[in-house]
Amino acid sequence: MKNKYIVLFSFFALLGFAPQIFAQTTEEEPQKTKNFFNTNTEYRVKAQFSIGGASPLGLPAQIRKVESYNPTLQLGLGLDATKWFTDSQKLGLRIGLAFEGRGMKTNARVKNYYTQIEDDTGAQTKGYFTGRVVTEMNNSYITFPVSLVWNATPKWNFYAGMYFSGLIDRNFKGHIYDGNFREGTPVGELTVFEGTARGIYDFSDDLARFQFGNQLGAEFEVNKSLRIFADVTMANNQVFKHDFEAISFKMYNIYGNIGFAYVFL
């Protein structure tokens, strides 16, 4: 959590200097010489709310029912710049920097669900569980999106591209309850979880440090300074390290994002 607050403070500080960074006109500099950075170039700050989670591609047979899902409060702040290729500003390249939250909380009913739990001493045991599983994820990423932008109409832009993310704050944990755990194999030694009994797990250290994926979205021009946008992002690599085996299926960050952007004129 400490890392998250440090990044947020730095990000807000950066936003405070954004007008200077983006070379806005000042009293000391009433006229700007045209150059690569201020000709056919648009600079913005943006904020977003995200809903989604780490999910397998298709519901595995082990997960019989998702009984509850809470996207939790996942916010994002970002800066980006769009360089239009021509004076008509119909097609351009956008690059950016963003701080994004990625999280969820789920409660699912499972059968023969392979997982790893630990006891009060920290000893870990892998096996198969039939019952209920609670998962809580709350991660933060620094993200670098790169997109092609198409100005389809005077009011609508569409964009598509890729993003590259680095994990800066990680949390993936939960517990099993109200069911039966078989150690090692589906017919292994039986442990019954009933009443308030819990089998906890914490896979935070097994999360992949790097993510990359695709994004697709659209934005609407409310006025010259304000845009609203919505997009979808999907990771191409799973949330866990490649050698992670405590969950038998792969999970990917899939999110929908909606927000607004302020354009520096």
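## Salt bridges in the predicted model

Arg44 and Glu219 form a salt bridge in which the closest N and O atoms are 2.9 Å apart. Arg44 belongs to strand S1 (residues 41–55) and Glu219 to strand S10 (residues 210–221), so this pair ties together parts that lie 175 residues apart in sequence. Arg44 and Glu219 are both buried. The model is predicted, and side-chain atom pairs are counted only at pLDDT 80 or more.

In total, the structure contains 12 salt bridges. Three of them are set out below, with the N to O distance for each.

| Salt bridge | N to O distance |
|---|---|
| Arg44 and Glu219 | 2.9 Å |
| Glu100 and Arg102 | 3.5 Å |
| Glu219 and Arg227 | 3.8 Å |

The side chains of Glu100 and Arg102 meet in a salt bridge. Glu100 has a relative accessibility of 11% and therefore counts as buried, the cut-off being under 20%. Arg102 is likewise buried, because its relative accessible area is 5%.

Glu219 also takes part in a salt bridge with Arg227, at 3.8 Å from N to O. Glu219 and Arg227 are both buried. Through salt bridges that share partners, Glu42, Arg44, Asp80, Arg94, Glu219, Glu221 and Arg227 are joined into one network.

Terms used. Residues numbered from 1 in each chain as written. Predicted model: local features only at pLDDT ≥ 70, side-chain atom pairs only at ≥ 80, totals over all residues. Heavy atoms only, no water. Salt bridge = Lys/Arg side-chain N within 4 Å of Asp/Glu carboxyl O. Helix = DSSP H or I, 4+ residues; strand = E, 2+ residues; numbered from the N terminus. Buried < 20%, exposed > 50% of the residue type's maximum accessible area, 1.4 Å probe, protein only.
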